[in-house]
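Please read them with the structure open.

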Amino acid sequence: MGDRFPRGRVAVAGLATWGVGTCPGHTTLEMAAQATRLALADAGMPVAAVDGVFVCLPDDLFAGLSLAQALGLHPRFTDNNRTGGASFMSHLVTACLMLDAGYLDCAVIAYGSNQRSAGGRLATPAAPDRWDAPSRPLFPVSYYALAAARHMHQYGTTRDHLAEVAVAARRWAQTNPEADARGPLTIAECLAARMIATPLSVRDCCLVTDGAAALVLRRTGEIDGPRVPVLGAAAATWYNSVRAAADITVTAAAESGPRAMAMAGVTPGGIDVVQLYDAFTINTILFLEDLGFCAKGEGGPFVAGGAIAPGGRLAVNTNGGGLSCCHPGMYGMFAMVEAVRQIRGTAANPVPGADVALAHGNGGTLSAQATVIFGSAATV
Amino acid sequence: MSGDRMSGPAAIWDAALAEGRILLQRGPDGAALFPPRILAADHGWVEASGRGTVYSLSWIPGRPPAEPRNVALVDLAEGPRVMAPVVGIAPDAPAIGMAVQARIEPDGEGHRIVFGAVG
C-alpha cells in the first residue's frame, strides 16, 4: 500500500508571484500575504474562503500561525513543513489529500523572502549538523561541491558540463521579464569565474534575490476558471547530511520522481517541460539523471551543446531557474509556479502544446526531494 | 562538547574523542555505524583504526590572506563515512581515492578529526 493519490481531482485554481528580484521595505510575512492575496484574486476566491494555510518562511518558526493572522483567517488547518526548498511540494501533497478527503475546501501554499534586501546573504537558520560542523563546510555550497567533485570523478563530468547548465538557464532568463539575471553569459565566463568551493564557481551558484509566490488549490470539479490538475506528487527523505548517502551522486529524486510519475501515469518521455530546483549547476545534472531523463552519469553529456537551452532537446527551467530567474532561499515554490504557468500557457517562454509539466524541489543539502506532476485538463 | 550532564551516545562519542579515540557503534548486524544513535545503543562500540580513503573533497580558496582549506568526505576502513579536512596536501593534487590517516586535534572547547596523507 501507500502512495494512493487523488490523480487529477485537485487542481491549482490560482497563482501569483510578487516582489521577485528586489523588494525592499517588506517583511517576509508581508510578502507571503501579498502573494496570497493576489493568487486568491487570480483564482476568483475571497480571502475568507481559505480554510487551509500552508507556508514556510525563512525567519518564522510559527509561519502558519502568522500568515493566518495576517490574512485575518481562522483556518481549519495550518502546515509549516520545513524540508527546505522542497517544503512547498510537501505542502502540496498534504493539501491535495486533505482537499480530496473533504477536510479542506480551499488551500493556499505561500512563501516570501526578503533575502536580498535584508542583507544579500542567505538568511537562514540552517547549518551543518554537529558531526559536520567541526569541518566548517561552507553551508550549503560545500555539500553540493562534494557531490559535484565525486560526480566528475565517477563519470567524467566536466566543468564545461556545469557551465552548460548555467548558460542554458541564462538563455531562458533573457526572454523572461520576471528574471533577475538577464545579461549575456558564456561558457568561457563561467569557467573563468571566481571559485567558491571546487569545482563550483560563483556562476555555478544560484542567485540571491527577494521573492514571494502563492498557489491556490481546490477540488478540480469545483473550479470555474483556469485549472491545472495535480496528477501526482511524492516527497522522499533519505538523510539530512549527504555524509550519510550510500552514493553521493544519487539523490532521493530517484525515489520521488518514479513515485510521482507512477501516480500520474506518465514516464519521463511523456513530460513536456521540466522545472528543477537548480540551487547549483550540479543539481540540474543530478536530477535529470535521477528523474530518468537520462542514465546515471550521463547528465553532463545530456546537457552539452545547449540541449536544455531554448531550442534544445528538453525544455528545462524555462523561467531561468534559481540560477538566473530568482532564488529567495527556498526556490521550490517558483518551480511549481513556472510548471503551472506552462500548462496554462501564460509562461514568458511558453513551450507549445505543453500538457504535462514536472516540478522538482530539493530540500536541505540534496537531502529531501519532492516531485510534482501537473497536467492540462486534457490529461484528466 | 555537549556539557557534563549529557550522557547519551553523542556524549560518549565526544568524551572518547577528547581522549584521542574515534568510536563507532555496532549495528544489530555487526556493521560499524556513524554518527552514534540511540537506536544502536545496545550493541556496543568499536574503536576506529583511523585509516580511511578520500571519497570526495572540495577546496575553499577563500579570499587572501585566508589560506585555501578543504572539506572532505572520508570512508573509514571500518565502513562509515565522516566529514573532515585533509591537511598537508596541495590544492591541485588529485585527492579522491587517496589513503589517509586520522588524527585528533583540539577545536574550540572540543576536538575534531583531521586526516593526513599516508606515507
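Predicted model: local features only at pLDDT ≥ 70, side-chain atom pairs only at ≥ 80, totals over all residues.

Where does Pro35(B) lie in chain B?

1. Pro35(B) sits in the loop that runs between strand S2 (32-33) and strand S3 (45-47) of chain B.

2. Cis bond at Pro65(B). Pro64(B) and Pro65(B) are also joined by a cis peptide bond, with omega about 10 degrees. Pro65(B) belongs to the loop between strand S4 (51-60) and strand S5 (69-76) of chain B.

3. Overall build of chain B. Chain B has one helix and nine strands. In sequence order the pattern is α-β-β-β-β-β-β-β-β-β, so written because elements are numbered from the N terminus. Along the principal axes, the C-alpha atoms of chain B fill a box of roughly 45 × 30 × 20 Å.

4. Extent of the interface. Chain A brings 26 residues to the contact and chain B brings 27 residues. Between chain A and chain B the buried area is about 2,300 Å², and carbon and sulfur atoms account for 57% of that area. On the chain A side, the residues that lose the most area to chain B are Trp131(A), Leu146(A) and Arg243(A), which together make up 31% of what that side buries.

5. Polar and charged pairs across the interface. Two salt bridges are found between chain A and chain B. In one salt bridge, Arg136(A) pairs with Asp107(B), and the closest N and O atoms are 2.4 Å apart. There are also 14 residue pairs in polar contact across the interface of chain A and chain B, counting pairs with both residues at pLDDT 80 or more.

6. What chain A presents to chain B. Helix H4 (141-155) and strand S5 (195-197) of chain A each supply at least two residues of the side that touches chain B. H4(A) gives the largest share of that side, eight residues. By residue class, the side of chain A that touches chain B divides into 14 nonpolar, five polar and seven charged residues.

7. Nonpolar patch on chain A. Leu61(A), Phe62(A) and Leu65(A) make a nonpolar surface patch of about 360 Å². Of these residues, Leu65(A) has its place in helix H2 (residues 63-71) of chain A.

8. Asp3(A). Asp3(A) lies in the segment before strand S1 (10-21) of chain A. Asp3(A) also forms a salt bridge with Arg259(A), where the closest N and O atoms are 2.8 Å apart. This pair links distant parts of the chain, with Arg259(A) in helix H7 (residues 253-264) of chain A and the two residues 256 residues apart.

9. Salt bridge total. Over all chains the count comes to 18 salt bridges. The pair of Asp3(A) with Arg259(A) and the pair of Arg136(A) with Asp107(B) are the ones described in this note.

Technical notes: Residues numbered from 1 in each chain as written. Chains lettered and ligands numbered in written order. Heavy atoms only, no water. Contact = heavy atoms within 4.5 Å. Buried area = accessible area lost by both parts, 1.4 Å probe. Salt bridge = Lys/Arg side-chain N within 4 Å of Asp/Glu carboxyl O. Polar contact = N/O pair within 3.5 Å; in protein donor to acceptor, adjacent residues only side chain to side chain. Helix = DSSP H or I, 4+ residues; strand = E, 2+ residues; numbered from the N terminus. Nonpolar A, V, L, I, M, F, W, Y, C, P; charged D, E, K, R; others polar. Patch = residues over 30% accessible without salt bridge, like charges linked within 9 Å, V, L, I, M, F, W, Y side chains within 5 Å. Areas by Shrake-Rupley, 256 points an atom, 1.4 Å probe, with all protein chains shown as cover.
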